[in-house]
Amino acid sequence: MAGRSRSGCEALKVVARCRPMSRKEEAAGYERVLELDVKLGQVSIRNPRAAPGELPKTFTFDAVYDASSKQADLYDETVRPLIDSVLQGFNGTIFAYGQTGTGKTYTMQGAWAEPEKRGIIPMSFEHIFTHISRSQNQQFLVRASYLEIYQEEIRDLLAKDQSKKLELKENPETGVYIKDLSSFVTKNVKEIEHVMNLGSQTRSVGSTNMNEHSSRSHAIFLITIECSETGPDGEEHIRVGKLNLVDLAGSERQSKMGAHGERPKEASKINLSLSALGNVISALVDGKSTHIPYRDSKLTRLLQDSLGGNAKTIMVATLGPASHSYDESLSTLRFANRAKNIKNKPRVNEDPKDTLLREFQEEIVRLKAQLEKRGMLGKKRRRSSRRKKAVDGESATENEGEDDNEDGLEKNMENYLKEQKERLEEEKAAIQDDHSLVSEEKQKLLQEKEKMIEDLRKEQEATELLATKYKVRVATHRCE
């Protein structure tokens, strides 16, 4: 995607979050092996099988969140600045990584019905549309897509045909993308939540020993935010920010899963893609690799820009505090510790060629011209321009005139077509009453009038379709 650099290298931001001990863990007598120092941003892990005097291993991150942390703390301190950047035209990615049952889905989604427990995804929806509602002299268009990678196959969670496997493609300008992935324009929080709920109903989940409702796939909710505003040069400029909200499947040992049937096969694919993710991170930070193995999995190809490319990225490493999770927690901490050394090169995406907003702007102009040609907008626009000379010497805005145009669209159309139909019916009646015409001539003239009435009916249908399309495009373009 086209972009002008407004930033140099930027490290991937890594934070750690530890869930509370579960009742099951407490009942089983497991001890706590993790300690978090929120002020220093450190996590210490003690080996329950350590020899006497062996010190715990300590890792430092951009921030740490202990068991008492609130969803809003994580969002406001760590996530909010990234969403602000996406609204300015940067690409952004947020993903949670950790063992099954450590709170990845809770961190990303949370409990939607309880405001204090809502996760990163619903809070980002509120953040985006609140910003848009408060913006001035800008036009926004927000699109949402939802996909999952299940057993190394990409599924569109919003498609009618769930059996269709999608392909990854690469474009020199836009980078890696998914061919035929559906995308929905959303104008408010309710609409984007509806899109997510639809997709969540078809996501692959299953029960394991580690988690009753374990995510058996990697899910990515993609939000594309286009913003148009007039620049200092007087020209319209469009910025496009893409936000990847990623809920990874859990990393786990098959021996701990206690799963049968499809579960071992699923776990094998999950661990394969997570291993590929680890290999990409290692190659990016070791300073020696000339080849970064992005192509080893669908997940790493999709996250290519997020890992060492054109994006601002946050990783939330989720941890279990109990001794039985020691090996997995240590593995997650080491993974996260490597990831914080990745350097990205984020830049503002300005005036790309493939924006839907520009396409809508051009289509609105085209539809408006067609309606004016049909006489549908002219009269009302003249009335609304006279109305701009408001009482007390104040002027109405251009937008008010546009609203009047839309409100009067059907009325103008109805009046115009009604007048034409009445005129043709009058002419038809006059022909029938004209006794000076011979029968053949009268029949010919009546047939001509019938054809004109039929043509008028077709014109009415075409104009109604055109008017509806125009109104939908204007409403979508404003993104109110």
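The questions and answers below concern a predicted model.

Me: Which residues does UniProt list for "binding site"?
Reply: The annotation comes from an unreviewed UniProt entry. Under "binding site", that entry lists Gly 98, Gln 99, Thr 100, Gly 101, Thr 102, Gly 103, Lys 104 and Thr 105.

Me: Is Gly 98 buried or exposed?
Reply: Gly 98 is found in strand β7, residues 92-98. Buried means under 20% relative accessible area. Gly 98 has a relative accessible area of 2%, so Gly 98 is buried.

Me: In which helix does Lys 104 lie?
Reply: Lys 104 is among the positions in the UniProt "binding site" list. Its relative accessible area is 7%, so Lys 104 counts as buried. The helix in which Lys 104 lies covers residues 104-108 and is α3.

Me: Which backbone oxygen does the side chain of Lys 104 reach, and at what distance?
Reply: Leaving aside neighbours within four places in sequence, Lys 104 is in contact with residues including Tyr 97, Gly 98, Asp 247 and Thr 318. For one of these, Gly 98, the side chain of Lys 104 reaches the backbone oxygen. The distance to the backbone oxygen of Gly 98 is 3.2 Å.

Me: What is the relative accessibility of Gln 151?
Reply: Gln 151 sits in the loop between β8 (139-150) and β9 (153-156). Its phi is near 50 degrees, a positive value in a residue other than glycine. Gln 151 counts as buried because its relative accessibility is 16%.

Me: What is phi of Asp 180 near?
Reply: Asp 180 is in the loop between β11 (175-178) and β12 (184-186). Asp 180 is a residue other than glycine, and its phi is positive, near 70 degrees.

Terms used. Residues are numbered from 1 along each chain as its sequence is written. This is a predicted model: local features need pLDDT of at least 70, side-chain atom pairs count only at pLDDT 80 or more; totals for chains, interfaces and linings use all residues. Side-chain values use heavy atoms; hydrogens and water are left out. UniProt positions are given in the numbering used here, feature names are shortened, and annotations may be inferred rather than shown by experiment. Helices (H or I, at least four residues) and strands (E, at least two) are DSSP runs, numbered from the N terminus. Buried means under 20% relative accessible area, exposed over 50%, partly exposed in between (1.4 Å probe, protein chains only). Contact means heavy atoms within 4.5 Å. A polar contact is a pair of N or O atoms within 3.5 Å; within protein, one must be able to donate a hydrogen and the other to accept it, and residues adjacent in sequence count only if both atoms are side-chain atoms.
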